Amino acid sequence: MATGGSGALFDVSHSCSVAVALAIAGGFCLFGGIVSRRPAAIARRVVGVALVANEVTMHVRKYHEGTWSLTTCLPFHFCDYAIWCSVYVLLTNGPSVARRLLFEFVALVGSPLAFHGLLTPTLQPGPSAAFMNFVVCHGLAFAAPYVAFSTDSTLHLTSRPTSKLAASLRATARQIGFGNVLLLLSSVVNALVPGANYMFSCHKPNTASIFDLLGPWPIYLVVMELVLEP
């Protein structure tokens, strides 16, 4: 497991990172709807570009450090899916079926998991490039659906109040199916790459996490799915 810095969990750097992520999400929720359309669209794209730039710099840094590997650096963790789905939602426009599906995934599954990752980092908090990459990707992935929803009215629900329950059930069914497709994809990668544990489908992470509360393998995978789906 890589480490970055010598700080402690919820020290100043870690606490500030969590606070900034909450401030971004809260700020867009409070003010995104009252900003004119063009500045709102620019702000949404800035967040999307920041996610891409952070991912690129992270892979470049790991390559130069000699720590990049197929075992840990491929984009097949749940937060990786959340990041790239967020990028698509943030950098595109319109109410397309694909965009709505990915927005549902980011809002209902990706954002909560990214925030959990931000609260329980696998890197030691501290002033390091590795930790900055970590908090930027998890913090912006958490904030992404709030940014997108508050700056793009095409993502707002248009169903009648009497059909909201049906719409919620359909969204749940879609995300159960989509989540299982992603889990299957990551499991195939784990089978092909020796030592890989993407989406933690082979064993729990080595650091403290919510998985510790959900039972042994493979029970925690089933429980996690039940917990995550609304």
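A residue is called buried when its relative accessible area is under 20%. Ser150, at 14% relative accessibility, therefore counts as buried. Keep that cut-off in mind for the views below, which all show a predicted model.

**View 1. Ser150 and the backbone of Val147.**
Ser150 is found in helix 5. The side chain of this serine reaches the backbone oxygen of Val147, with 3.2 Å between them. With a relative accessibility of 14%, Ser150 is a buried residue.

**View 2. Phe76 and Tyr81 form an edge-to-face aromatic pair.**
Searching the whole structure turns up seven aromatic pairs. How are the rings of Phe76 and Tyr81 arranged? Their centres are 6.4 Å apart and their planes meet at 75 degrees, so this pair is edge-to-face. Phe76 and Tyr81 are both buried. Together with Tyr198, Phe76 and Tyr81 make up one aromatic cluster.

Ser186 is found in helix 6, which covers residues 164-192. Is Ser186 buried or exposed? Its relative accessibility is 0%, so Ser186 counts as buried. A polar atom of the Ser186 side chain lies 2.6 Å from the backbone oxygen of Phe76. The Ser186 side chain is also joined to the side chain of Tyr81 by a polar contact of 2.9 Å.

Now turn to another aromatic pair. The rings of Phe103 and Phe149 are stacked, with 6.3 Å from centre to centre and 15 degrees between the planes. Which helices hold these two residues? Phe103 belongs to helix 4 (residues 97-119) and Phe149 to helix 5 (residues 129-151), so the pair ties together parts that are 46 residues apart in sequence. Phe103 has a relative accessible area of 12% and is buried. Phe149, by contrast, is partly exposed, at 39% relative accessibility.

Gly26 sits in helix 1, made of residues 12-31. Along the chain, 117 residues separate Gly26 from Ala143, yet their C-alpha atoms are 8.4 Å apart. Gly26 is partly exposed, with a relative accessibility of 27%.

**View 3. Tyr63, Trp68 and Leu70 make a nonpolar surface patch.**
Which residues make this nonpolar patch of about 360 Å²? Its members are Tyr63, Trp68 and Leu70. Leu70 is placed in the loop between helix 2 (37-65) and helix 3 (78-91). Leu70 is partly exposed, with 46% relative accessibility.

How many disulfides does the structure have? The count is zero. Cys137 shows the reasoning. The cysteine sulfur closest to that of Cys137 belongs to Cys79, and at 7.0 Å it is too far for a bond. A disulfide needs the two sulfur atoms to lie within 2.5 Å. Cys137 is buried, with a relative accessible area of 5%. Cys85 is another buried cysteine, at 10% relative accessibility.

Most residues other than glycine have a negative phi, and most peptide bonds are trans. Met199 is not a glycine, yet its phi is positive, at about 60 degrees. Phe200 also has a positive phi, near 50 degrees. Where do these residues sit? Met199 lies in the loop between helix 6 and helix 7, and Phe200 is found in that loop too. Met199 is buried, at 8% relative accessibility, whereas Phe200 is partly exposed, at 23%.

**View 4. A cis peptide bond joins Trp217 and Pro218.**
The peptide bond between Trp217 and Pro218 is cis, with omega at about 0 degrees. Pro218 is placed in the loop between helix 6 and helix 7, with helix 7 spanning 219-228.

Terms used:
Residues are numbered from 1 along each chain as its sequence is written. This is a predicted model: local features need pLDDT of at least 70, side-chain atom pairs count only at pLDDT 80 or more; totals for chains, interfaces and linings use all residues. Side-chain values use heavy atoms; hydrogens and water are left out. Rings of Phe, Tyr and Trp (its six-membered ring) pair if their centres lie within 6.5 Å; planes under 30 degrees apart count as stacked, over 60 as edge-to-face and the rest as tilted. Buried means under 20% relative accessible area, exposed over 50%, partly exposed in between (1.4 Å probe, protein chains only). Helices (H or I, at least four residues) and strands (E, at least two) are DSSP runs, numbered from the N terminus. Patches are made of residues with over 30% relative accessible area and no salt bridge: like charges are joined within 9 Å, nonpolar side chains (Val, Leu, Ile, Met, Phe, Trp, Tyr) within 5 Å. Accessible areas come from the Shrake-Rupley method with a 1.4 Å probe; for residues, only the protein chains shown count as cover. A salt bridge is a side-chain nitrogen of Lys or Arg within 4 Å of a carboxyl oxygen of Asp or Glu. A polar contact is a pair of N or O atoms within 3.5 Å; within protein, one must be able to donate a hydrogen and the other to accept it, and residues adjacent in sequence count only if both atoms are side-chain atoms.
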